[in-house]
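Colleague: I am new to this structure. Could you show me how to read it, feature by feature?

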Amino acid sequence: MRRWTSSGIAKVLSESGYNTAAFGKWHNTPVWEINPAGPFDRWPTGEGFDYFYGFLSAFDSQYTPRLYRDTTPVEPAKSAAKGYHLEADMTDDAIHWLHRHDAAAPDKPFFVYFATPGTHTPHHVPLDWVAKFKGKFDEGWDKLRDENFEREKKLGVIPANAKLTSRPEGLAAWDSLSPDQKKLLAHQAEVYAAYTAYTDYQIGRLLQAIKDEGKSDNTLVIEIFGDNGGSAEDGPTGYDARQINGQIKGLPARLQEEEQFGGELYMNATAAPWAWAFSTPFPGTKADASHLGGTRDPMVIAWPSRIKNPGGLRSQFGHLNDIAPTVYEAAGIQAPAVVDGVPQTPLE
């Protein structure tokens with residue numbers, strides 16, 4: 001009996017002369033293998049990455065994450081009270097890795113897998129970022145979805161004659177909510193928007209570091225932002241738990257603490273109707289694979305030396321499994337037929 005596997009992109013690139021590194025979220029190692037004894041073959045460093053700095057789960061606290069460097073547990077360099085946030089930390093570490101790479105082997109190509117935790121639950125973000133979005137969502141999710149739809153038409157992302165799908169049963173109309181409900185739920189969206197902006201800022205820092213090293217023109221960047229569409233997993237009114245004792249009970253109690261949502265003690269996420277608005281123009285959300293709102297995310301590609309019309313749109317169907325063969329073709333690499341003596345399933 002032959003064992004068939006699919007070689008990882010990092011392993012293929014590593015064996016083709018690339019330095020490789022992974023940062024942030026790694027949700028591919030079986031839980032029972034995350035321990036000091038391993039085995040480590042399904043950790044990032046066992047899958048072709050020369051270096052790893054991040055966490056091994058679907059999500060974690062951004063203030064007190066369970067961090068690993070390669071296969072060694074490490075503690076955050078400082079406390080939340082002193083300004084620690086995982087996304088800033090992993091970005092700093094990625095930039096330091098790039099500097100070391102450039103100093104030691106400036107002509108050697110590199111591959112960086114940069115998987116930010118944002119905007120997965122919990123929506124942890126410095127509170128001064130939340131303040132930037134005060135009042136931006138007071139008109140609610142129905143108005144936001146309409147505005148997103150019209151903006152997408154103007155950008156050419158969707159056809160000019162597209163028809164917007166209606167709100168599904170089970171999701172409340174914004175105008176049906178009480179003033180206190182609106183206040184709480186609008187603030188959830190402010191926190192989400194802040195987390196999105198903060199994540200985008202960290203990605204920008206990493207890209208700026210590549211540019212500062214003079215490598216941006218010939219660096220292929222593929223960014224996919226999202227997690228299977230907007231997440232409705234936290235129910236019709238969202239989730240605002242104190243990590244020490246679970247979900248805060250009752251609207252008055254939640255409102256009393258809302259200004260701290262996004263902070264270290266909270267496990268917070270937005271209400272399901274926001275996810276529906278974030279997934280405009282599609283119906284459905286994450287975990288609802290029967291609709292495109294639960295299966296599609298935006299992808300942006302930049303490669304200045306080869307892509308000459310920045311801002312251009314592509315309408316052809318794309319899938320996640322297109323990325324590896326695209327990268328191999330761009331790098332002039334042939335996908336191996338055999339890895340470590342194991343025949344490989346051909347790439348689709």
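Modeller: Start with strand pairing. Two strands pair if DSSP finds at least two bridges between them. This is a predicted model, so keep that in mind throughout.

Colleague: In which sense do β1 and β5 pair, and over how many bridges?

Modeller: Strands of a sheet pair through backbone hydrogen bonds, either parallel or antiparallel. Here β1, residues 19-25, pairs with β5 in the parallel sense over six bridges. Look at Phe23: its bridge partner in β5 is Phe114.

Colleague: How does β1 run relative to β2, parallel or antiparallel?

Modeller: β1 and β2 run parallel, joined by five bridges. Gly24 stands opposite Gly54 of β2. Turn to β3, residues 67-69, and the sense is antiparallel: β2 and β3 pair over two bridges. Tyr53 has Arg69 as its bridge partner in β3.

Colleague: In what order do the five strands form the sheet?

Modeller: The order is β4-β3-β2-β1-β5, in an open sheet with mixed pairing. β4 (72-74) and β5 (110-115) stand at the edges with a single partner strand each, so one side of each has no neighbour in the sheet. On average, neighbouring strands are turned by 15° against each other, direction ignored.

Colleague: Which way do the residues of β2 point?

Modeller: In a regular strand the side chains alternate between the two faces of the sheet. In β2, Tyr51, Tyr53 and Phe55 point one way, while Phe52 and Gly54 point the other. Five of the five residues of β2 are buried.

Colleague: What does Leu98 touch, beyond residues up to four places away in sequence?

Modeller: Leu98 touches Phe110, Val112, Leu206, Ile210 and Glu213.

Colleague: How far does α5 reach from its first C-alpha to its last?

Modeller: α5 has 34 residues and reaches 49 Å, close to the 50 Å expected at 1.5 Å a residue. Gly214 follows α5, and its phi is positive, near 75°.

Colleague: Next, aromatic rings. Why is the pair of Phe40 and Trp43 edge-to-face?

Modeller: Check the angle between the planes: over 60 degrees counts as edge-to-face. The planes of Phe40 and Trp43 stand at 80°, with ring centres 5.1 Å apart, so the pair is edge-to-face. Phe40 is partly exposed, at 28% relative accessibility. Trp43 is buried, at 0%.

Colleague: What of Trp174 and Trp274? How are their planes set?

Modeller: That pair is tilted, with 55° between the planes and 5.6 Å centre to centre. Trp174 lies in the loop between α4 (140-155) and α5, and Trp274 in helix α7 (residues 272-278), so the pair ties together parts 100 residues apart in sequence. Trp174 and Trp274 are both buried.

Colleague: Last, the backbone. Which peptide bonds are cis?

Modeller: Most residues other than glycine have a negative phi, and most peptide bonds are trans. One joins Gly38 and Pro39, with omega about 5°. Pro39 is in the loop between β1 and β2. Another runs from Gly118 to Thr119, with omega near 10°. Thr119 lies in the loop between β5 and α3 (127-130).

Colleague: And what is the phi of Ala287, and of Asp340?

Modeller: Ala287 is not a glycine, yet its phi is positive, about 75°. Ala287 sits in the loop between α7 and β10 (299-302). At 69% relative accessibility, Ala287 is exposed. Asp340 also has a positive phi, about 55°. Its loop lies between β11 (338-339) and β12 (342-343). Asp340 is exposed, with a relative accessible area of 65%.

Technical notes:
Residues numbered from 1 in each chain as written. Predicted model: local features only at pLDDT ≥ 70, side-chain atom pairs only at ≥ 80, totals over all residues. Heavy atoms only, no water. Helix = DSSP H or I, 4+ residues; strand = E, 2+ residues; numbered from the N terminus. Axes fitted to C-alpha atoms, helices over the stretch in contact; angles between N-to-C directions. Contact = heavy atoms within 4.5 Å. Expected span 1.5 Å × (residues − 1). Phe/Tyr/Trp six-rings, centres within 6.5 Å; stacked < 30°, edge-to-face > 60°. Buried < 20%, exposed > 50% of the residue type's maximum accessible area, 1.4 Å probe, protein only.
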